[in-house]
Amino acid sequence: MLNDLPYLSAGEGPPLIVLIHTPQAANPTGMTRWSTMRLVRPFTRDFTVYVVNRPPGLPSTTTMADLAAIFAQAIRATFDGPVNVLALSTGGSIALQLAADHPGLVDRLVLAGTACTLGPAGRRAQRGYVERARQGRRPNPALAEIVTASALGRVLLRGLLWLSDGGRADHADAQLVVYPAAATAAPSPTSGSPPTPSPS
């Protein structure tokens, strides 16, 4: 199923592919798993929801088009026709590339919590994210700046984001978050502008 990509499924009905991009190239665990499945729970009444992540061990040279091709191959191998896609955060950038490069596989596309470009705060957060991953530290706390402007809120959020990383010692996969989106991507099917990463 899905070419052995990490995925979680729930519900019954036509497929709904939910693309995510977590620090670990694996199924989310702990609080992150709970919050992710809670987010998609309303859709399980009408769809079989597949929360899909990238495979582990991808090289640092992997591009956004490469990621889109991996998901495209999984969709072709698993389903009989085009599917509905819901994509979150950096998953939205991948989904735009998927729709641009493989339009026959996407029936409807919904993007949530994503953007067509990064502002100064987003760039700082992504650099901090990758730097923490390189140091073997949990990377998610670096993203607090882009969620709230409140100094107290950032302190509290850093703690929650630290917990959400799951405590894995190896954060090598997290370093892939920024590099694929730095490559030139295909034009968005709606705007004609190349998709760039949104904060995860």
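In what order do the five strands of the open sheet come? Hi everyone, let's walk through it: the order is E1-E3-E2-E4-E5, and the pairing is mixed. Strands (E, at least two residues) and helices (H or I, at least four) are DSSP runs, numbered from the N terminus. Two strands pair if DSSP finds at least two bridges between them.

A word on the model before we go on. It is predicted, so local features need pLDDT of at least 70 and side-chain atom pairs count only at pLDDT 80 or more, while totals for chains, interfaces and linings use all residues. Residues are numbered from 1 along each chain as its sequence is written, and side-chain values use heavy atoms, with hydrogens and water left out.

E1 (7–11) and E5 are the edge strands, each pairing on one side only. E1 pairs with E3 (residues 48–52) in the antiparallel sense over five bridges; there, Tyr 7 has Val 52 as its bridge partner.

Finally, the helices. The axes of H2 (residues 64–78) and H3 come within 8 Å and cross at roughly 70°. Axes are lines fitted to C-alpha atoms, for helices over the stretch in contact, with angles from 0 to 180 degrees between N-to-C directions. H2 and H3 are therefore roughly perpendicular, a word for angles of 65 to 115 degrees. Their contact (heavy atoms within 4.5 Å) includes Phe 71 of H2 and Leu 98 of H3.

Terms used:
Parallel < 35°, antiparallel > 145°, perpendicular 65-115°, else oblique.
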